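Please look at the sequence and the model first.

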Amino acid sequence: MNLDIAAMQLFNGISLFSILLLMAIGLAVVFGLMGVINMAHGELMAMGAYTTYLVSVAFQRWAPGWMDVYLFAAIPLAFMVAFAFGYVLERGFIRWFYNRPLDTLLATWGLSLILQQTYRSVFGAQEVSVPLASWLSGAWEPTPDLQFPLNRIFILGLTLLVAVGVYLLLYRSAWGLRVRAVTQNRAMAGAVGINTRRVDALTFALGSGLAGIAGCVFTMIGSTNPGTGQLYIVDSFIVVVFGGVQSLLGTAFSGLAIAQSQTTLEYLMSGSMAKVTILVLVILVLYFRPNGLFANKTRG
């Protein structure tokens, strides 16, 4: 493998990592901090993708001269739509399943089927695509044999921005302190005056909003259909569990390790065999470290 191929493989791994991290970071907030197994997380991603599609249609119809900047309207709108839906979902549905993980899994799986059918009824079963802004077309070519797609570079930058924002929100703000307090000891947090129900609702909504951003990003690399969310939901759960529940740092390192390993193995073997190999390696690691690579330390 020469240097150019190695550089391309490294960039492909980082590109896959950016997509996985955007999906997994929202799941880590919901699953890691709240203990909710949300099987409908992929459909929240699809909600962000369809929101982006509607924004692009609106710009094409009413402001075609602004198509190059529609993405800057679609990203926050995808976040807000998924955030609002997640808030309502938690208040009216999820809150009744806390401390019942298996019931939560079945309930959210049923919800995912309902959302998929809703998307199919509204948008049809066919795939819909979003036009790529002209400034994201093409590639950066540092050498004649190296091409880095501009849309992938943009996705990577957005992912880093979102990850830093989530870290600052959870670990450098008063609201993040309340979230971590509820996560560690709900009864004591409520005793000191923290509105635990409001924290639960906003935390779940945040995770949903992050899935909406992931869906918006997905439209830059592929078409959207009712089953789009199922493409990444299993990989996202693997990333969160492998990195260590309740550890955002572990989620990031786990996503990078899995993405780089998968792209390298896909270069050496078929895509299906690469996925099987990654899954076997993850199972072996979890056998020896069942709490993940970066499990939080607790007092015995």
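Is Tyr119 buried or exposed? Tyr119 is buried, because its relative accessible area is 6%; buried means under 20%, exposed over 50% and partly exposed in between, with a 1.4 Å probe and protein chains only. The model is predicted, so local features need pLDDT of at least 70 and side-chain atom pairs count only at pLDDT 80 or more, while totals for chains, interfaces and linings use all residues. Residues are numbered from 1 along each chain as its sequence is written, and side-chain values use heavy atoms, without hydrogens and water.

Rings of Phe, Tyr and Trp (its six-membered ring) pair if their centres lie within 6.5 Å; planes under 30 degrees apart count as stacked, over 60 as edge-to-face and the rest as tilted. The count comes to twelve aromatic pairs. Tyr50 and Tyr119 make a tilted pair, because their ring centres are 5.2 Å apart and their planes stand at 45°. This pair links distant parts of the chain, 69 residues apart: Tyr50 is in helix 2 (residues 41-62) and Tyr119 in helix 4 (residues 101-123). Helices are DSSP runs (H or I, at least four residues), numbered from the N terminus. Tyr50 is also buried, at 2% relative accessible area. Tyr50, Tyr53, Tyr119 and Phe123 form one aromatic cluster.

Arginines also meet rings here. A charge sits over a ring if NZ of Lys or CZ of Arg is within 6 Å of the ring centre and within 35 degrees of the ring normal. The charged end of Arg61 is over the ring of Trp62, 5.6 Å from its centre, and Arg95 lies over the face of Trp96, 4.9 Å from the ring centre.

Note on methods:
Helix = DSSP H or I, 4+ residues; strand = E, 2+ residues; numbered from the N terminus.
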